[in-house]
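Please report on the fold and ligand surroundings of the model below. Keep it brief.

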Amino acid sequence: MIPSENDTIAAISTPVGNGGIAIIRLSGQDAFTIADKILCGSKSGVLSAFVSEMEDHTVRHGYVFDFSGSRPELIDECLVTKMTAPRTYTTENTVEINSHGGYSVVNKTLELLLKAGARAAEPGEFTKRAFLGGRIDLSSAEAVMDLINAKTDNSRRAAISGLSGRIGREITAVCDAITSAIAAIDVSIEYPEYEFDEAVGKDALVTVGDQIKRLEALSSTYSQGKIAKEGVSVVIAGSPNAGKSTLMNLFCGTDRSIVTNVPGTTRDLIEEQIQLFGFPVTLTDTAGIRQTSDIVEKIGVDKAMDAISAADLLLYVVDALEPVVEDSLLGDVPGSLKKIFIINKTDAREDVAAVRALLPEDAAVVEMSALTGSGSGELFQAIKDTLLLGSFDFTNEAVITSKRHKQLIDEACDLLRLCVKSNEDGMPLDFVAEDLRLAADKLCEILGKNISEDVINNIFQHFCVGK
Ligand SMILES: Nc1nc2c(ncn2[C@@H]2O[C@H](COP(=O)(O)OP(=O)(O)OP(=O)(O)O)[C@@H](O)[C@H]2O)c(=O)[nH]1
Ligand SMILES: [Mg+2]
């Protein structure tokens with residue numbers, strides 16, 4: 001079957017596996033009549049217009065039947081929700097069947113709906129329909145998946161900022177201001193006899209200048225939004241036996257890495273997802289860096305170097321008792337990589353001035369004991385300061401988390417700057433208006449206006465089925 005937007009679609013909207021309940025969702029113009037073919041209000045198993053006759057926006061107890069055999073086969077007992085267009089998630093007629101959350105029963109119910117005339121929904125197709133139906137703009141639709149994927153407080157806050165339409169409203173406001181400027185210029189071009197070119201140009205310039213500032217402010221939120229959505233990668237590295245794995249375990253609150261007093265204990269990368277200040281952090285413990293002829297250890301050292309190169313922050317652990325700072329480690333990593341040096345084991349050595357002297361002068365340094373936890377507060381604070389975590393109010397401000405949005409905002413900003421320059425250079429106003437139009441078009445793309453089907457499909461293919 002070639003997928004069409006007029007099809008009635010069905011999918012399991014809850015995760016596959018055993019659960020208290022599962023929800024099978026059906027959306028489209030024939031949702032009610034298709035549901036009638038598998039549902040009935042009593043155990044009698046007599047076909048009826050069960051859903052069609054339900055009152056709108058109500059829930060009823062019912063039964064799923066397979067009516068295809070010589071006798072109706074009872075499949076499940078369920079709750080049925082009927083929602084009539086347009087007051088639904090998709091803006092279409094929608095039926096949700098709350099069934100028992102077993103693998104077989106849920107799949108059988110879906111299979112019956114497909115046999116009854118529904119089509120299996122594609123990833124994100126319910127949300128795509130909400131967008132195509134005009135209930136939400138594209139920036140809100142994109143945030144739906146961010147919210148589902150959010151694993152930390154700030155990921156959730158950033159997603160809800162998009163989902164609640166905060167970005168959409170800000171972009172719409174900028175678009176409206178640009179459109180008004182274009183309209184004013186168009187009027188001046190249409191009635192040249194009034195010769196108010198210069199005044200209109202000045203007004204347009206002020207408006208455009210204000211919108212540039214607004215867009216720049218929005219664009220600058222991306223660095224925090226990206227961290228909230230994608231998280232940061234923090235790598236723990238240093239010489240063998242420095243206490244890297246002990247530090248890893250301190251962060252995780254469990255014995256995630258093996259700790260022994262044998263240098264070279266950790267061979268492979270040990271990764272763990274944690275939450276710091278509401279942000280998702282991927283923490284990686286690595287093999288101690290040293291020159292070695294041991295082939296296994298050498299592979300571990302190479303892997304450690306690769307992890308460091310891809311990190312956002314390096315926690316370089318130095319053993320206060322046997323301080324070594326590997327030039328190879330610092331020399332081979334990008335200069336832009338953020339670093340915090342940790343002088344560890346200060347419980348066993350108090351005066352670490354000689355250790356400090358080994359470190360770069362301007363380095364961020366924390367003295368601590370990974371064993372006792374003393375100094376860990378300073379380390380958390382240093383991480384917060386270095387990665388600028390927690391400096392943004394995710395609860396109240398519009399925040400950009402999508403690279404696509406950031407790119408379009410920056411492109412629109414460039415075009416607006418060009419308008420200002422053209423105006424200052426005395427270019428004709430129709431010339432300026434053309435760039436204003438292009439800038440507005442870029443912003444409209446964020447909202448999903450005038451964009452190709454390919455772009456839309458590309459966005460929704462990253463969704464899960466059933467959403
Ligand atoms: N006194 C003291 N000992 C520590 C501290 N941190 C780690 N150690 C000890 O140092 C030894 C090595 O600790 P690990 O955490 O395994 O060190 P590592 O850097 O992961 O070592 P490799 O995996 O071999 O590179 C163990 O005996 C730890 O108990 C600390 O803060 N103070
Ligand atoms: Mg280790």
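Predicted model: local features only at pLDDT ≥ 70, side-chain atom pairs only at ≥ 80, totals over all residues.

Of the contacts in the protein with a separation of 6 or more, 65% are between residues 24 or more positions apart.

## Overall form

The protein has 16 helices and 13 strands. Its radius of gyration is 30 Å, well over the 23 Å that the globule rule gives for 467 residues, so the protein is more spread out than a compact globule. Along the principal axes, the C-alpha atoms fill a box of roughly 85 × 85 × 35 Å.

## The open sheet

An open sheet is built from 7 strands. Their order is β3-β4-β5-β6-β2-β1-β7, and the pairing is mixed. The edges are β3 (39-40) and β7 (119-120). Each has a single partner strand, so one side of each is left without a neighbour in the sheet.

Leu39 has Val64 in β4 as its bridge partner.

## Around ligand 1

Which residues are the closest to ligand 1? They are Gly243, Ser245, Thr266, Gly288 and Leu371, from a shell of 22 residues. By class, that shell holds 12 polar, 7 nonpolar and 3 charged residues.

Helix α9 (residues 244-252) gives the most to the shell, with 3 residues.

How values were computed:
Residues numbered from 1 in each chain as written. Chains lettered and ligands numbered in written order. Near = placed C-beta within 6 Å. Helix = DSSP H or I, 4+ residues; strand = E, 2+ residues; numbered from the N terminus. Nonpolar A, V, L, I, M, F, W, Y, C, P; charged D, E, K, R; others polar. Rg over C-alpha atoms; globule rule 2.2 N^0.38 Å. Contact = placed C-beta atoms within 7 Å. Pairing = 2+ DSSP bridges.
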